[in-house]
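Here is a friendly briefing to read alongside the structure. Please keep the viewer open while you go through the points.

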Amino acid sequence: MAELGFDVLGLDVDQAKIDALSSGRLPFYEPGLEEILSRNLADGRLRFTTSYDEVAEFADVHFVCVGTPQRADSNAADLTYLDAAIDALGPRLTRPAVVIGKSTVPVGTAACAAARLQTLAPAGRDVELGWSPEFLREGFGVEDTLRPDRIVIGTDSPRVEEAMREVSAAQIEQKIPFLVTDLQTAELVKVAANAFLATKISFINAMAEVSEAAGADVMQLAKALSYDDRIGGKFLGPGLGFGGGCLPKDIRAFMARADELGVEPALSFLREVDAINQRRRARTIDIARTLIGGGFAGRTVGVLGASFKPNSDDIRDSPALDVASTIASLGATVTVYDPEALDNARRVHPELKYAHTMVEAVRDAEVVLLLTDWAEFRDADPDELAKVVAERRIVDGRNALDPAHWRARGWIYRALGRP
């Protein structure tokens with residue numbers, strides 16, 4: 001919003017994060033974001049605070065962007081942070097304001113939040129809430145925020161719609177679709193999109209299971225499917241499967257909400273989507289175990305990747321770290337390298353060893369696992385790695401490498417869904 005020319009005040013309850021942001025340091029890695037942060041701090045359009053009083057006095061439009069993680073005791077979404085934000089902001093809204101929810105929430109949440117906000121706010125019905133889900137991809141967050149593929153606002157209020165049209169004016173001028181829906185549809189757009197993407201990933205990974213059993217090549221299969229414009233090639237990449245802070249918890253929360261609404265059978269297929277995704281991790285471990293003779297005890301393993309996807313330091317539900325920690329629990333010495341996620345990984349998985357370069361991670365390894373498809377790994381030189389490994393064995397968990405090239409350099413190459 002600051003980059004688009006608005007005056008912005010960001011709030012968080014974590015003083016350490018506010019101090020870091022105020023000095024131009026990000027609490028996470030996202031390509032291109034630090035430059036935008038520094039530029040807008042310097043230009044005076046952006047600042048940060050922990051004070052709800054200051055935010056309430058400052059803003060005409062409030063974006064609520066808090067996390068909605070999976071609950072510890074069920075598959076449902078934990079709305080603790082959303083409720084806390086509404087409860088803290090509401091009583092301080094003494095003049096007309098628009099509040100826009102950005103968080104991914106179960107359908108029906110926004111209507112409850114709107115009613116609660118108007119009850120709490122001294123300005124009453126002059127405080128109106130709309131819901132505008134975000135569709136950004138980690139690693140592409142800047143591009144997807146400044147130039148989204150669509151903007152959705154759920155509201156029945158002309159004032160909320162007008163406010164969103166004003167803050168989205170630059171995107172609307174670029175002919176980016178601007179869709180106005182009811183609150184419930186806006187909530188469903190985000191979870192439905194994530195459910196569809198998760199299903200597409202698990203579909204091609206199911207085909208990988210069949211391909212392995214039949215002796216087929218899932219990469220050739222995926223390429224052939226991609227030419228059908230009804231299917232397309234995006235999210236049709238077979239491999240270790242999805243992770244992160246969105247897809248896994250969102251499809252589980254979607255299933256939980258469907259059950260509450262009495263339509264659980266409508267989303268029962270998502271249980272298998274989730275199960276296929278989890279089986280990819282176990283299958284990767286099985287392939288590696290087979291390559292080194294049937295057991296991990298006392299063996300040395302090099303792992304390339306810790307983040308759940310490239311261009312991010314996010315390790316939430318990371319398939320790479322799940323595989324690495326499981327192999328370590330089976331008795332192997334596992335060394336991990338990732339270009340950005342080492343600090344986060346070390347805090348959560350202190351049982352693993354960590355290296356600061358790819359070469360050091362695979363030194364003396366009896367098998368190497370490529371588990372996050374960073375460009376650095378895709379471009380790795382098999383001859384250079386061959387100089388330091390104990391055995392030339394690699395499991396390509398992301399189908400990121402050229403099998404013929406690596407095999408020609410003397411490596412035993414295995415990948416999910418390929419002969």
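Predicted model: local features only at pLDDT ≥ 70, side-chain atom pairs only at ≥ 80, totals over all residues.

Residues are numbered from 1 along each chain as its sequence is written, and side-chain values use heavy atoms, with hydrogens and water left out.

- Helices (H or I, at least four residues) and strands (E, at least two) are DSSP runs, numbered from the N terminus.
- Helix H1 spans residues 15–22, and its buried residues are Ile18, Ala20 and Leu21; buried means under 20% relative accessible area, exposed over 50%, and partly exposed in between, using a 1.4 Å probe and protein chains only.
- Just after H1 comes Gly24, with a positive phi of about 90 degrees.

**Nonpolar cores**

- The largest nonpolar core has 53 residues, and Val301, Ile327, Val334 and Leu369 have the most contacts inside it. Such a core is a set of buried Ala, Val, Leu, Ile, Met, Phe, Trp, Tyr and Cys residues joined through side-chain atoms within 4.5 Å.
- Helix H13 (residues 319–329) gives the most to this core, with 6 residues.
- Leaving out residues up to four places away in sequence, Ile327 touches Ile285, Phe296, Val301, Ala332, Val334 and Leu369.
- Another core, of 30 residues, lies apart from it and has Ile86, Val105, Ala113 and Leu183 among its members.
- In soluble globular proteins, nonpolar side chains tend to be buried together.

**Strands and sheet**

- Six strands form an open sheet in the order E10-E9-E8-E11-E12-E13, with parallel pairing; two strands pair if DSSP finds at least two bridges between them.
- At the edges are strand E10 (353–354) and strand E13 (412–415), each pairing on one side only.
- Strand E9 (residues 333–337) pairs with E10 in the parallel sense over 2 bridges, and Thr335 has Lys353 in E10 as its bridge partner.
- Helix H12 (residues 269–291) lies across strand E11 (367–370), strand E12 (393–396) and E13, and runs at about 170 degrees to E12. Axes are lines fitted to C-alpha atoms, for helices over the stretch in contact, and angles run from 0 to 180 degrees between N-to-C directions.
- Strand E3 (residues 61–64) and E4 are joined in the parallel sense by 4 bridges, where Val61 has Val98 in E4 as its bridge partner.
- In strand E4 (residues 97–101), 5 of its 5 residues are buried: Ala97, Val99 and Gly101 are on one side, with Val98 and Ile100 on the other.

- Asp217 sits in the loop between helix H9 (183–214) and helix H10 (218–226), and counts as buried because its relative accessibility is 18%.
- Beyond four places in sequence, Asp217 touches Ser211, Gly417, Arg418 and Pro419.
- Ser211 lies in helix H9 and is buried, at 4% relative accessibility. Its contacts outside four places in sequence are Ala216, Asp217, Val218, Leu221 and Gly417.
- Asp250, in helix H11, is buried at 3% relative accessibility. With residues up to four places away not counted, Asp250 touches Thr104 and Asn194.

**Positive phi outside glycine**

- Lys175 has a positive phi of about 70 degrees although it is not a glycine. Lys175 is in the loop between helix H8 (169–173) and strand E7 (178–181), and counts as exposed at 73% relative accessibility.
- Phe235, also not a glycine, has a positive phi of about 60 degrees. Phe235 is in the loop between H10 and helix H11 (247–260), and counts as partly exposed at 38% relative accessibility.

Definitions and conventions: Contact = heavy atoms within 4.5 Å.
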